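Student: Could we go through this structure together, starting with the charged side chains and then moving on to the strands?

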Amino acid sequence: MKEKCEYCISAAVAAASAIAGTIMIFILIGLNGCNKTRAAKASGQAPEGWHLVWNDEFSGKQIDTTKWDFQTGTGSQYGLVGWGNNELQYYRKENAFVKDGNLVLEARKENYEGMSYTSARLRTVKDDGTELFTKTYGRIEARIKMPAGNGIWPAFWLLPATTDYGTWASSGEIDILEAKGRLPNRVYGTVHFGQPWPGNKYSSGMYKFPDGGKITDYHVYSLEWEPGVLRWLVDGNKYYETSQWWSLGAGESEPYAYPAPYDKPFYILLNFALGGNYDGGVSPEDSDLPAQMLVDWVRVYDKNEPYATNVKRPTPERDEKKFKSFETADGHNFIFDSGLTQVICEDKNKGMSSNENMDVKTHDWYFLALSDFGGEATSSSLATAEGEGRLVKITKPGNQNYSVQLIQHLPVAKGYFYKIQFDAKASAPRKIALKLGGDADNSWAVYSPEYYPELDTTTKHYSYYFTMENETDVTARLEFNLGLKTNDVWIGNVSVTQED
């Protein structure tokens, strides 16, 4: 479909030049054609295999508040100053309106409530929790035209209607469309999942328009969401698909049953942000404002056939060759010093920049008190009735959970399922953090969920699981992060095993 009423105008002009005496007749025909075009638009053409269940064609004179609610402000009322992304705009109702069959979200350069810019954000739920429209599974799409320019960040996306699996990103987020105005020849689709921030993870795809296409033209942006699969499309062309996600609640050791969190109702959002973390904090140019994000329509479909049931999370292809070469302590455990008896202390270390700082062949543990992050602590071997272990006495907890660390290197292979176990206690109730990831040579990638066990004064056994989805890392890094609290910690009986 070309831009609205282009057909009508061209028809009227052609008629005028061909038969000057009947100009008004053909103009009326053109306008009638325009109405027919709008009627066709309103009915839509359902994609093959789908049927329409909800839509807004924005054909009225104002925003339909039975379908959309405004979110206003800077996000501070939700505990998200700058909407959690250091965005530069203040959202106002006045910046959203219907014009010429479009929903218009307009970003402006104006000072309002201490912000230098204003814009608009709409969603299909209300602040009081009233659901105007939510959906589990389906095809959700919109026809959108966006502006170019630095600091331009329009989005069309989904958030969970409830937090059954925990706070962001345990309960998920699906970005159907995000665009960076300074890169107008591409758009992105992303799925967020994992644990509550900062243990969140995401995966993403990028679509580059063919033949000089840009976000400044109308395009249809779609998500096909079925049990166990998410697909992103632009103008019907699939560019990204994934079935790899998981959800782990705060303090939990095992993920929720797949396909959580993407088996619950989500609601729709449309917003036009400025600046922020998404594009590196780039600010808009005054000359590019005001700017408009135009939404021709939003439509939601269900499949004609029933959705799949009892889906299982696909297991990544296993790196069997490397896995079979890995050495273990007893044919099962990849930790050779389960009692943390052999520890290299780096009390004043400012952080390891690569594996070259650590001799991973020795299977020694490393104890780090990172002065750059305010950490100060000592450690010593201490046997208890439960076995050998290491006592860490913390005098300055630092400003990060990794200000004080115990680190062990071990190999982990792609596609394998691992179980991490240990015993621990503290001099007083406190939380620690545990994860397995890469060093600088692997871009500090996080391989496992970050686990936050709650310790108390009695020794307890802890365990959690993860699947290695990244490429094999023969020098992966198991971290016990003990900062932020001064309570002493004892850890022992550490094991990492591969489970079937």
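**Salt bridges, strands and a loop**

Tutor: Lys264 counts as partly exposed, with a relative accessibility of 26%, where buried means under 20% relative accessible area, exposed over 50%, and partly exposed in between (1.4 Å probe, protein chains only). This is a predicted model, in which local features need pLDDT of at least 70 and side-chain atom pairs count only at pLDDT 80 or more, while totals for chains, interfaces and linings use all residues. Residues are numbered from 1 along each chain as its sequence is written, and side-chain values use heavy atoms, with hydrogens and water left out.

Student: OK, and which residue does Lys264 form a salt bridge with?

Tutor: Its partner is Asp164, with the closest N and O atoms 3.3 Å apart. The pair links distant parts of the chain, 100 residues apart, with Lys264 in the loop between strand E15 (237-242) and strand E16 (266-274) and Asp164 in the loop between strand E9 (152-160) and strand E10 (173-178). Asp164 is partly exposed, at a relative accessible area of 45%. A salt bridge here is a side-chain nitrogen of Lys or Arg within 4 Å of a carboxyl oxygen of Asp or Glu, and strands (E, at least two residues), like helices (H or I, at least four), are DSSP runs numbered from the N terminus.

Student: How many salt bridges does the whole structure have?

Tutor: The search finds 25 of them. One of these joins the side chains of Asp127 and Arg123 at 2.5 Å, N to O; Asp127 is exposed, with a relative accessible area of 52%, whereas Arg123 is buried, at 8%.

Student: And which residues are linked in a network?

Tutor: Arg139, Glu141, Glu224, Glu226, Arg231, Lys238, Glu241 and Lys303 are linked by salt bridges in this way.

Student: Which strands is E8 joined to?

Tutor: E8 runs antiparallel to strand E13 (residues 219-226), with seven bridges between them, and also antiparallel to strand E17 (residues 291-303), again with seven bridges. Gly138 has Trp225 as its bridge partner in E13, and Glu141 has Arg299 in E17. Two strands count as paired if DSSP finds at least two bridges between them.

Student: Last one: where is Gly398 found, and what does it touch?

Tutor: Gly398 is in the loop between strand E21 (389-397) and strand E22 (404-412) and is partly exposed at 24% relative accessibility. Leaving out residues up to four places away in sequence, Gly398 touches Phe373, Gly374, Gly375, Ser403 and Leu484, a contact being heavy atoms within 4.5 Å. The C-alpha atoms of Gly398 and Gly374 are 3.9 Å apart in space, with the two residues 24 apart in sequence.
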